[in-house]
Amino acid sequence: ARRLTPRRTSDSQAAKLLKGEEVADEDTSSNPLFKPIPQPSRLEALLIANQMQSYCQQINAFSGQSFAKLFLLQSLNSGAQ
């Protein structure tokens, strides 16, 4: 009987939806399975964003030099042909 209770509520909610009636949200605050999710730390998000920015700047610096050499050699190679 314990297993059928959630199914009955979902069936009754589905029936209400089909009729066009509003379905009230279930109170999940007392249920230990539905704990509220804590808000993420803003400091941690800031640190991660700054580290990603640092990585992107390093990649840009290294790839910028490589692309400059590539385009220089490509133009010299096409000029020689």
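These exercises work through a predicted model of one protein.

**Exercise 1. Overall make-up**

Task: State how many helices and strands the protein has, and what share of its residues is buried.

Solution: 
- Count the elements. The protein has two helices and zero strands.
- Check burial. Of the 81 residues, 0% are buried.
- The accessible surface is about 8,200 Å². Carbon and sulfur atoms account for 59% of that area.

**Exercise 2. The span of α2**

Task: Decide whether the end-to-end distance of α2 agrees or disagrees with its number of residues.

Solution: 
- Locate the helix. Helix α2 covers residues 42–80.
- With 39 residues at 1.5 Å a residue, α2 should span 57 Å.
- Compare. The end C-alpha atoms of α2 lie 56 Å apart, which agrees.

**Exercise 3. The start of α2**

Task: Find the residue that caps the N-terminal end of α2, then describe the leucine patch.

Solution: 
- Find the cap. Ser-41 caps this end, with a side-chain oxygen 3.3 Å from the backbone nitrogen of Leu-43.
- Follow Leu-43. Together with Leu-46 and Leu-47, Leu-43 makes a nonpolar surface patch of about 310 Å².
- Classify Leu-47. Its relative accessibility is 51%, and exposed means over 50%, so Leu-47 counts as exposed.

**Exercise 4. The aromatic pair**

Task: Classify the one aromatic pair in the structure.

Solution: 
- Identify the rings. Phe-67 and Phe-71 form the pair, with centres 6.1 Å apart and 20° between the planes.
- Apply the cut-off. Planes under 30 degrees apart count as stacked, so this pair is stacked.
- Place the residues. Phe-67 and Phe-71 sit four residues apart in α2, so about one helical turn separates them.
- Phe-67 has 46% relative accessibility and counts as partly exposed.

Conventions. Residues numbered from 1 in each chain as written. Predicted model: local features only at pLDDT ≥ 70, side-chain atom pairs only at ≥ 80, totals over all residues. Heavy atoms only, no water. Buried < 20%, exposed > 50% of the residue type's maximum accessible area, 1.4 Å probe, protein only. Areas by Shrake-Rupley, 256 points an atom, 1.4 Å probe, with all protein chains shown as cover. Patch = residues over 30% accessible without salt bridge, like charges linked within 9 Å, V, L, I, M, F, W, Y side chains within 5 Å. Salt bridge = Lys/Arg side-chain N within 4 Å of Asp/Glu carboxyl O. Phe/Tyr/Trp six-rings, centres within 6.5 Å; stacked < 30°, edge-to-face > 60°. Expected span 1.5 Å × (residues − 1). Polar contact = N/O pair within 3.5 Å; in protein donor to acceptor, adjacent residues only side chain to side chain.
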